Amino acid sequence: MSEAKSDARTRTVTWRDYREGVTAAKTMSGLEYLRAIVRGEVPGAPIAALMGFAPVEVSEGRAVFEVEPGEYHYNPIGTVHGGLAATLLDSALGCAVHSTLPVGAGYTTLELHVNMVRAISQDTGKLTCTGEVIHVGGRVATAQARLTDASGKLYAHGTTTCMVFRPAGPGGRE
């Protein structure tokens with residue numbers, strides 16, 4: 001086993017108890033809940049704290065996230081790991097869908113398609129990921145998203161298909 005090198009780096013991650021947000025989500029529409037996260041009134045997803053991104057804007061059918069790529073996002077070949085782009089796309093896509101749902105409804109990702117179009121580095125600067133709903137039906141929703149830099153240059157884009165879970169209607173059936 002090798003000894004720790006003097007160039008070792010550390011990063012401390014702090015997040016709030018996610019269960020507070022889960023409880024709040026059950027009492028709000030998707031849009032109300034996501035806006036409460038953006039305002040800091042309820043905790044966001046712990047993975048956002050871990051990976052250093054955050055939702056910055058949400059409206060019905062649209063969600064925007066930002067991240068400043070750093071060295072801690074790197075893969076072993078010296079660029080940002082594609083998982084950062086994929087996670088940002090999945091988050092913006094899912095939240096765009098969530099923003100259209102009523103109180104008591106939920107969703108889960110059934111399919112995520114990601115296209116990486118150029119490498120990301122810590123020199124890329126702030127990235128913005130914008131997700132927009134294409135269609136929300138009774139059980140299935142689709143959305144698209146783009147990951148761009150400050151000048152609008154595209155780094156990745158993707159689509160999702162989500163399953164929507166609606167609250168039980170009269171008679172207890174969904």
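**Close-up views of the predicted model**

**View 1. Helix α2 and its cover.** The buried residues of α2 are covered by elements that include α1 (18-25), β1 and α4. The model shown here, and in every view below, is predicted. Helix α2 spans residues 30-38. Its buried residues are G30, L31, Y33, L34, A36 and I37. G40 follows α2. The phi of G40 is positive, near 85°.

**View 2. The whole chain, for orientation.** The protein has four helices and six strands. From the N terminus on, the elements run α-α-α-β-β-α-β-β-β-β. The C-alpha atoms fill a box of roughly 65 × 35 × 30 Å, taken along the principal axes. The protein has 174 residues, of which 35% count as buried. Among contacts with a separation of 6 or more, 62% come from residues 24 or more positions apart.

**View 3. The six-stranded sheet.** The sheet is open, and its strands follow the order β1-β2-β4-β5-β6-β3. Pairing is antiparallel. Strands β1 and β3 (106-116) form the edges, and each pairs on one side only. From one strand to the next, the twist averages 20°.

**View 4. Strands β5 and β6, side by side.** Strand β5 covers residues 140-149, and strand β6 covers residues 154-165. The two run antiparallel and are joined by nine bridges. One place to look is A145, which stands opposite G158 in β6.

**View 5. Helix α4 on the sheet.** Helix α4 (residues 82-98) packs on the sheet. It touches β1, β2, β3, β4 (127-136), β5 and β6. The direction of α4 makes about 140° with that of β3. The helix has 17 residues. From its first C-alpha to its last it reaches 24 Å, close to the 24 Å expected at 1.5 Å a residue. Helix α4 is mostly covered, with 13 of its 17 residues buried. Helix α4 is also among the elements that cover the buried residues of α2.

**View 6. The aromatic pair F53 and F65.** One aromatic pair turns up in a search of the whole structure. The ring centres of F53 and F65 are 5.8 Å apart, and the planes stand at 65°, so the pair is edge-to-face. The cut-off for edge-to-face is over 60 degrees. F53 lies in strand β1 (residues 53-59) and F65 in strand β2 (residues 62-67), so the pair ties together parts that are twelve residues apart in sequence. Both F53 and F65 are buried.

View 7. S91 has its place in helix α4. Residues up to four places away in sequence aside, S91 touches F53 and F65. Is S91 buried or exposed? Its relative accessibility is 16%, so S91 counts as buried. The limit for buried is under 20%.

**View 8. Two arginines over tyrosine rings.** R11 lies over the face of Y72. The distance from R11 to the ring centre of Y72 is 3.7 Å. R118 lies over the face of Y155. Here the distance to the ring centre is 5.7 Å.

Terms used. Residues numbered from 1 in each chain as written. Predicted model: local features only at pLDDT ≥ 70, side-chain atom pairs only at ≥ 80, totals over all residues. Heavy atoms only, no water. Phe/Tyr/Trp six-rings, centres within 6.5 Å; stacked < 30°, edge-to-face > 60°. Buried < 20%, exposed > 50% of the residue type's maximum accessible area, 1.4 Å probe, protein only. Lys NZ or Arg CZ within 6 Å of the ring centre and 35° of its normal. Pairing = 2+ DSSP bridges. Axes fitted to C-alpha atoms, helices over the stretch in contact; angles between N-to-C directions. Contact = heavy atoms within 4.5 Å. Expected span 1.5 Å × (residues − 1).
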